[in-house]
Amino acid sequence: MDCGVCSKILGAALAAASVVSCSSFEAPAPAPYEVVIKVESDPGRALPGADVLLQNSRVASTGTDGTAALKLNGAEGETLLFQVKCPEGYQSPSKPIAVTLRRIASPSKRPEYATSCPPATRTIVVAVRADNGPNLPVLYLGREVGRTDESGAAHVLLTLKPDDTFQLMLKTDGESGDRLRPQNPIATFVVKGQDDVLTFDQTFVVEHKKYRPSVPRGPTPLKTN
């Protein structure tokens, strides 16, 4: 065989072997970074159905346990900003969750990032105790929302927004309370960032009718000696 032909065949074989060798030792793709986003409504109350967004695109939603597991690609030390969009009736957090990609010593453990979606409204129960005030209407915004029983007790249930200020009035200017003092007392409350039970305690003094002697009618008889 011609030496030139042999040389070409040998060179082609070495080149093919080189390609096979390089592909055989190609480094595998790095494993993704795994993290968990945890969302609660109130402390200890998992919130399902919250969307996790990256650059305004949904990448996951929380399950019944309030968590969403993410597998992320990127460079070591890179920080990604995730927004959480809460379900209807809950307030979405204004600040994003900053997730920094880090390899941790135990691969079985996943970094967890927590945030909260507080309810947009709160349930408020007001326990009314009116000493000496039976059968009195309890007014909210001029509307009767309860009435005291024979012992002067009543309960009012309201749904309000956190930080709202509201007032309740015990209406006494009717037939059942016209002799009670003070008249039409008002209590003011502020809604906190949680469901709450509040009290409206009021003691009334019953004003007794003053005795007025009767005045004889008609002409006064003349005195005779």
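Guide: The side chain of Thr172 comes within 2.7 Å of the backbone nitrogen of Asn184. This is a predicted model, in which local features need pLDDT of at least 70 and side-chain atom pairs pLDDT 80 or more, while totals for chains, interfaces and linings use all residues. Residues are numbered from 1 along each chain as its sequence is written, and side-chain values use heavy atoms, without hydrogens and water.

Visitor: What makes the approach of the Thr172 side chain to the backbone nitrogen of Asn184 a polar contact?

Guide: A polar contact is a pair of N or O atoms within 3.5 Å; within protein, one must be able to donate a hydrogen and the other to accept it, and residues adjacent in sequence count only if both atoms are side-chain atoms. The distance here is 2.7 Å, so the pair lies within the limit.

Visitor: Why is Thr172 called buried?

Guide: Buried means under 20% relative accessible area, with a 1.4 Å probe and protein chains only. Thr172 has 0% relative accessibility and therefore counts as buried.

Visitor: Which strands form the open sheet, and in what order?

Guide: The order is β3-β2-β5-β6, with antiparallel pairing. Strands are DSSP runs (E, at least two residues) numbered from the N terminus.

Visitor: Why do β3 and β6 stand at the edges?

Guide: Each has a single partner strand, so one side of each is left without a neighbour in the sheet.

Notes. Buried means under 20% relative accessible area, exposed over 50%, partly exposed in between (1.4 Å probe, protein chains only). Two strands pair if DSSP finds at least two bridges between them. Helices (H or I, at least four residues) and strands (E, at least two) are DSSP runs, numbered from the N terminus.
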